[in-house]
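Trainee: I would like to go through this model with you, one question at a time. Where should we begin?

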Amino acid sequence: MKRGLCLFGAAWMFLTISLTHGGGKGSGVYESHSKDGRRLPFVSGDSYYEYQWALKNRGDFSVWMEGIHGGQPEGETAFQAVTDPHIQKGKAGGAWWVQASAGADTGMEAAWMFYEQAPERRPVIVAVIDTGVDISHPELADSIWVNEDEIPGDGIDNDHNGYVDDINGWNFCKEDNQVVSGLEEDHGTHSSGTIAAAWDGQGTCGIADSRYVKLMVLKVLDTYEGKGVSSSVKRAIRYAQDNGASICNLSMGTMTRDEELERLMRDSPMLFVVSAGNGDASGRGYSIDDLPMYPASFGADNIITVGSMLFDGSLDVSSNFGRVSVDLAAPGMAILGPVPDRGYAYMSGTSMAAPMVTGTAALIYSCRLDMDLMEVKKAILDSARPVESMEGKTATGGVLDAYGAITYGLEPGI
């Protein structure tokens, strides 16, 4: 019997977000696409870094959320922002007001400063095992892995790896080399942007340096329903391992335990970053120690399982948790990133949190040549910033601290 997997992210949720910004900038309303294809009305060429609170949280972001947010992936949830800086988190009229807390971010700017001073860097391949990815998006065109042992379009398996013309990866849903099927490849495209969107001062900014970190696109989830089967995931993992990937991002899950998949991941030399899941049918997170979700609950030494943090530094109410099964939390609410057809969208869920850790792991592994992948994992977990509300909810009791992780084990000042 085929075992199904599904996305861990509200990939189709409809968001209306109004932001105020420091430095005298005005406010504006930005709307993501929903099932009818609506897009954020951004002007091409602008830089949207100031909207990426996960990288630099100035405390000027606030949202009114109706009902339980971040619920089932198939649902739509309305979000309306508030710009009054005096409104704090609390329930009012059936809605939740959440005001950002300055500094509740990943410490990425300090991590980048350290990275820029690194004398050497190594190339890193990250496998994005997900829906497809829009590899033509300006944010990602230079971030995509290229199989240099394959000759494009000649219809021959030049590298004898069993896949014909697999230039950028493989589509395991359709068994061809078309890693993007259409405009609905939002989930994989958005995750890829978080990991390694271009550092070009335009659009959004990825965590890792796309000059050295390349994204291998492995489509295993159906574009429209966000579902797939474990046999495809296992084949994608084998492909990634055989073709040079070091790190895999898996923003997906199932409640069915596949022992073959577990062995495959456990025995792999790769580092896996996995999303913890977005709660029950009502959208409330639960303990995956008690009700396991896989692969998040496998517990292998080479897996990092990630929950979702709000922009006030707390654990998102929709995020699954577990003192044993979930390692740490990372930003996952209202994350801005690229979507197909040169667009941008806010998306939420642990699917958005996992790529934060994946990108950080790739950044560290690229510039810390003294570390192997298991040491990268140790650095990320040991440096997690403690947060009181995370105590008992994650193994580390904390959230991602990119600077702490990238400087882990070094003497101060180095």
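Mentor: Begin with helix 3, where Ser230, Ser232, Val233, Lys234, Ala236, Ile237, Tyr239 and Ala240 are buried. Keep in mind that this is a predicted model.

Trainee: How far apart are the end C-alpha atoms of helix 3?

Mentor: Helix 3 covers residues 230-242, which is 13 residues. At 1.5 Å a residue it should therefore span 18 Å. The model agrees with this, with the end C-alpha atoms separated by 18 Å.

Trainee: Which residue just after helix 3 takes a positive phi?

Mentor: The place to look is just past the end of helix 3. The phi there is about 100 degrees, and the residue is glycine 244.

Trainee: At what angle do the axes of helix 2 and helix 5 cross?

Mentor: Two packed helices are described by an angle and a distance between their axes. For helix 2 (residues 186-196) and helix 5, the axes come within 8 Å. The crossing is right-handed, and its angle is roughly 35 degrees.

Trainee: How many residues of the contact between helix 2 and helix 5 are charged?

Mentor: Helix 2 contributes His187, His190, Ser191, Thr194 and Ile195, while helix 5 contributes Ser351, Met352, Pro355, Met356, Thr358 and Gly359. These residues divide into 4 nonpolar and 7 polar, so the number of charged ones is none.

Trainee: Is serine 366 buried or exposed?

Mentor: Serine 366 is found in helix 5. Beyond its neighbours within four places in sequence, this serine is in contact with Tyr115, Glu120, Arg121, Arg122, Val124 and Tyr212. Its relative accessibility is 1%, and the cut-off is under 20%, so serine 366 counts as buried.

Trainee: What percentage of the chain's contacts with a separation of 6 or more is between residues 24 or more positions apart?

Mentor: The chain has 7 helices and 20 strands, and 60% of its 414 residues count as buried. Among contacts with a separation of 6 or more, the share from residues 24 or more positions apart is 71%.

Technical notes
Residues are numbered from 1 along each chain as its sequence is written. This is a predicted model: local features need pLDDT of at least 70, side-chain atom pairs count only at pLDDT 80 or more; totals for chains, interfaces and linings use all residues. Side-chain values use heavy atoms; hydrogens and water are left out. Helices (H or I, at least four residues) and strands (E, at least two) are DSSP runs, numbered from the N terminus. The expected span of a helix is 1.5 Å times one less than its number of residues. Buried means under 20% relative accessible area, exposed over 50%, partly exposed in between (1.4 Å probe, protein chains only). Axes are lines fitted to C-alpha atoms, for helices over the stretch in contact, and angles run from 0 to 180 degrees between N-to-C directions. A crossing is left-handed if the near helix is turned anticlockwise from the far one by less than a right angle, and right-handed if clockwise. Contact means heavy atoms within 4.5 Å.
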